[in-house]
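Please read the following note with the sequence and the model at hand.

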Amino acid sequence: MGLFSRNNKIEKPEVLLELRSPSCPITAVVEQDNRTAYFYLFGDNEDFGMKSCWIRNLTEAPEKIETKLMEKGVPPMLTKEFCKFPKGQEALSSDNLEIVWLEEGDGAVLLENGEILCAIPSWGGDGGFYGYSRDCNGAGDFAWELSADNEMRKRIECAIDFLEAWDKEPNPFQLVQPEILNYYDEIFGKSEKYFAIDGPEGPPKGLYVFEGKEKTVFATVAVSLRPQPKVEMYCENPNEVNRIELGVILKSGMTNEQVNDVAGLVSGITMIPWDYITFLAEGHTVEFQTSISEKFKYAVLTNKLKVLPQMNLTSYAKSNISFLWIVPVSERELEVMKESGSQAVLSKLDSIGEEIFNLERNEVV
């Protein structure tokens, strides 16, 4: 049964379109009742929650915000002040709609016959900002105007181009994989071991493994094809850190089972940004529990230690690729990082040189 406003019966919203993110635990939904239409992002994780953005009114816009209806959980119409079409517009048809996910996977765009209707970027839902809507004028209460010069339009074009590139030959992975593998072969040596570490969804990726006489090197391949979520919310220059590859160097002598164990751990770490809608950067810490060591079951991500090879991968899609080395640390070392910052321990790790590759080393704190 529908609710009643002053004059009109409000029907239960109908889901017109629904699409799961290819890389993040988020679902995009388009809903419409007989008064208004909204675009939603629903996150599986409580931290993400639900984000919404007004698309259009189907009837004449109210003068004031429909506060009482909002209190009952009814999606409000946008007020007349912010509507390009204050008399209302035609109802949306699912046949004309398409959802496109932004490259990071935590923001999405709604298209109607190929034209942008609405967009919720990663910063949607923060500071009174919901998202962008084509049919909004100015900074409305439930959407902001998507102006012709808005940088978001370029982001959307890039997302569409990225999506379409996977239908071409060669696709982005086929272009990037041999380039990265050749670079690793030149730096470390020709590898005879390679793991596919693709997730259930999202672009393919791999793991290069070189087993030398003294050291074994693990390095990811093509994780950088997709930019990490949320970087632009915390970094002034997101293109410096939004694309990553990861690596770890350990003392040789591991069994095949232990090599596979480490490979699985590195694979899992590559999933963190998209599984948890976050990002990995210099000084961040992760779990690193292997069958090799009970003492060093955490790791710090860094490229600041002198003993670590300085990696210079070719940039991708106008973004630098940040190569982060996974350096195992103990629980005590991790606690010092939490209390005093990662640099306090990194400087001590720097002083022990190649011992950082030894999972039987002494702690530095």
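1. A cavity, on a 1 Å grid over the protein atoms alone, is a set of points where a 1.4 Å probe fits but cannot get out, and its lining residues have an atom within 4 Å of a point. The model is predicted; local features need pLDDT of at least 70, side-chain atom pairs count only at pLDDT 80 or more, and totals for chains, interfaces and linings use all residues. Residues are numbered from 1 along each chain as its sequence is written, and side-chain values use heavy atoms, with hydrogens and water left out.

2. The count comes to one cavity of 30 Å³ or more. The largest cavity has a volume of about 30 Å³, a volume being the space filled by probe spheres set on the points, which are joined across faces, edges and corners.

3. Lining the largest cavity are Pro13, Glu31, Gln32, Asp33, Thr36, Tyr38, Tyr40 and Pro75. Strands S4 (26–32) and S5 (36–43) are the elements that give two or more residues to this lining; strands (E, at least two residues) and helices (H or I, at least four) are DSSP runs, numbered from the N terminus. S5 provides the largest share, three residues.

4. After H6 comes Gly353, whose phi is positive, near 60°.

Definitions and conventions. 1 Å grid on protein atoms, 1.4 Å probe; cavity = no way out; pocket = protein on both sides within 12 Å on 5 of 7 lines; lining within 4 Å.
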